[in-house]
Amino acid sequence: MSTYHRRRLVELKHAFDEARFGAERTLNLRAHLPTAAEAARRADAWLRERQASGAREVLVITGRGNSSDNGFSVVRESVAKTLRTLRRLGVVDAIAEHTAGSFVVTLAPMRRLWESARRAAPASDERPRGRSSTLGLAPETVALLRALAERSLDALGIRDRDAFLGREMESQLALLVRAVPDGADRESRLREVIRRALDEDDDRAR
């Protein structure tokens with residue numbers, strides 16, 4: 001195959017990926033030349049935010065490491081490790097190598113976050129201590145968070161919800177805020193994420 005035809009195939013593949021994923025569902029780490037640690041942090045934050053936004057399938061471009069020592073991409077390996085960790089944490093559902101320098105990542109439904117956190121957390125009946133992180137939130141936000149926590153406890157078959165409701169609200173809020181970037185409208189975006197999680201639960205119950 002000639003150089004021209006190889007270049008045309010690459011261009012067509014890029015065009016196909018752009019049509020399939022678009023800018024909102026593509027993380028191009030190769031374009032910014034980050035360190036391995038920076039790439040891992042960016043991938044972690046971006047994938048959490050994309051999960052919270054309701055995205056299902058995304059493209060993560062790492063590059064194949066052609067300009068690296070021995071052709072080994074430390075960025076690609078670091079991101080691959082992050083993807084495996086996020087799968088255990090309930091953010092990622094599936095990982096597939098798209099090319100030698102990219103991954104197609106299927107994001108997990110939001111409920112997987114709490115299921116994974118619950119499996120990892122040590123069993124304890126203690127309620128959270130100290131200042132509640134829900135203080136300062138708008139009543140509408142607290143009400144939505146409470147509804148989400150109640151559904152979670154119901155799914156676990158816990159009858160005495162009041163004894164565990166505060167801790168469940170704190171736990172879910174701690175997971176959610178990691179997926180909502182800082183900004184003036186952060187709390188309104190947090191409410192959107194909670195509503196999406198509630199709608200997802202409704203769809204699952206139908």
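## The S3–S4 pair

Strands S3 and S4 (residues 102-107) run antiparallel and are joined by six bridges. Strands here are DSSP runs of E with at least two residues, helices are runs of H or I with at least four, and both are numbered from the N terminus. Two strands pair if DSSP finds at least two bridges between them. The model is predicted: local features need pLDDT of at least 70, side-chain atom pairs count only at pLDDT 80 or more, and totals for chains, interfaces and linings use all residues. Residues are numbered from 1 along each chain as its sequence is written, and side-chain values use heavy atoms, with hydrogens and water left out.

A hairpin of two residues links S3 to S4. Across the pair, Val92 stands opposite Leu107. Ala94 faces Thr106. Ala96 has Val104 as its bridge partner.

## The sheet

S4 also pairs with S2. Five bridges join these two strands, which run antiparallel. Val60 stands opposite Phe103 of S4.

The whole sheet is open and has four strands, in the order S1-S2-S4-S3, with mixed pairing. S1 (26-28) and S3 (92-99) stand at the edges with a single partner strand each, so one side of each lacks a neighbour in the sheet. Neighbouring strands are turned by 20° against each other on average, direction ignored.

## How enclosed is S4?

Six of the six residues of S4 are buried, so the strand is largely enclosed by the rest of the structure. Buried means under 20% relative accessible area, exposed means over 50%, and partly exposed lies in between (1.4 Å probe, protein chains only). Both faces of S4 are covered. Ser102, Val104 and Thr106 are buried on one side. Phe103, Val105 and Leu107 are buried on the other.

Contact means heavy atoms within 4.5 Å. Helix H3 (residues 74-88) lies across S2, S3 and S4, at about 155° to S3. Axes are lines fitted to C-alpha atoms, for helices over the stretch in contact, and angles run from 0 to 180 degrees between N-to-C directions.

H2 and H3 also pack together, at an angle of about 35° and with their axes 8 Å apart. Their crossing is right-handed. A crossing is right-handed if the near helix is turned clockwise from the far one by less than a right angle, and left-handed if anticlockwise. H2 contributes Ala36, Ala39, Ala40, Ala43, Asp44, Leu47 and Arg48. H3 contributes Val74, Val75, Ser78, Val79, Thr82, Leu83 and Leu86. By class, this contact has ten nonpolar, two polar and two charged residues. Ala, Val, Leu, Ile, Met, Phe, Trp, Tyr, Cys and Pro count as nonpolar, Asp, Glu, Lys and Arg as charged, and the others, Gly among them, as polar.

## The H5–H6 pair

Helix H5 (residues 139-155) packs against helix H6 (residues 162-177) at about 110°, with the axes 8 Å apart. The two helices are therefore roughly perpendicular. That label covers 65 to 115 degrees; under 35 is roughly parallel, over 145 roughly antiparallel, and the rest oblique. H5 passes H6 in a right-handed crossing.

From H5, the contact includes Val142, Leu145, Leu148 and Leu153. From H6, it includes Phe164, Leu165, Met169 and Leu176. By class, the contact of H5 with H6 has ten nonpolar, two polar and four charged residues.

## Two single residues

Phe21 sits in helix H1 (residues 3-21). At 4% relative accessibility, Phe21 is buried. Leaving aside neighbours within four places in sequence, Phe21 contacts Thr26, Glu57, Val58, Leu59 and Val104. The C-alpha atoms of Phe21 and Leu59 are separated by 6.8 Å, though the two residues are 38 apart along the chain.

Leu33 lies in the loop between S1 and H2. Leu33 is exposed, with a relative accessible area of 74%. Its phi is positive, about 50°, although Leu33 is not a glycine. Most residues other than glycine have a negative phi.
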